[in-house]
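Q: I have a model open and want to go through it with you. Can we start with a charged side chain and work outwards?

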Amino acid sequence: MVRLAIALGVEVRDLFSSESPVAADIKGIVDKLTVDMASLVNSSLELMGKVSEKESNPPGKKR
């Protein structure tokens, strides 16, 4: 936390203060990362399902 505070040019306590603009920025970044990660996981699962489906039903294989 100390390194993060130094990198941001703020006090460590500012990272946790609900009134701090830095805390609001961090929350926004974390929220966006959470949404982006959920999207990535969903896309990965979708792709894995397609790959699995193709492996189960290769071209030329009769069902």
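Q: Lys32 first: buried or exposed?
A: This is a predicted model. In it Lys32 is exposed, with a relative accessible area of 52%. The cut-off for exposed is over 50%, so Lys32 falls in that class.

Q: Which side chain does Lys32 meet in a salt bridge?
A: That of Asp36, with 2.9 Å from N to O.

Q: Where do Asp36 and Lys32 lie?
A: Both are in helix α2. They are four residues apart, about one turn of the helix.

Q: And how does Asp36 count by accessibility?
A: Asp36 counts as partly exposed, at 36% relative accessibility.

Q: Why can side chains like that pair at all?
A: Opposite charges can pair when the charged atoms of the side chains come close.

Q: How many salt bridges does a search of the whole structure find?
A: Two. Besides the bridge between Asp36 and Lys32, there is one between the side chains of Asp31 and Lys27, at 2.8 Å from N to O.

Q: Lys27 and Asp31: what are their relative accessible areas?
A: Lys27 has 51% and is exposed. Asp31 has 37% and is partly exposed.

Q: Change of topic. Where is Val12?
A: Val12 sits in the loop between α1 (2-8) and α2 (21-56).

Q: What does Val12 touch, leaving out residues up to four places away in sequence?
A: Met1, Val2 and Ala5. Val12 is partly exposed, with a relative accessible area of 32%.

Q: How far is Val12 from Lys27?
A: Their C-alpha atoms are separated by 15 Å, and the two residues are 15 places apart along the chain.

Q: Now the whole protein. How many helices and strands?
A: Two helices and zero strands.

Q: What radius of gyration does the protein have, against a compact globule of 63 residues?
A: The protein has 22 Å, whereas a compact globule of that length would be near 11 Å. Along its principal axes, the C-alpha trace spans about 65 × 20 × 10 Å.

Q: What share of the residues is buried?
A: Buried residues make up 8% of the 63.

Q: Last one: what does the accessible surface come to?
A: About 5,700 Å², with 61% of that belonging to carbon and sulfur atoms.

Definitions and conventions
Residues numbered from 1 in each chain as written. Predicted model: local features only at pLDDT ≥ 70, side-chain atom pairs only at ≥ 80, totals over all residues. Heavy atoms only, no water. Buried < 20%, exposed > 50% of the residue type's maximum accessible area, 1.4 Å probe, protein only. Contact = heavy atoms within 4.5 Å. Rg over C-alpha atoms; globule rule 2.2 N^0.38 Å. Areas by Shrake-Rupley, 256 points an atom, 1.4 Å probe, with all protein chains shown as cover. Salt bridge = Lys/Arg side-chain N within 4 Å of Asp/Glu carboxyl O.
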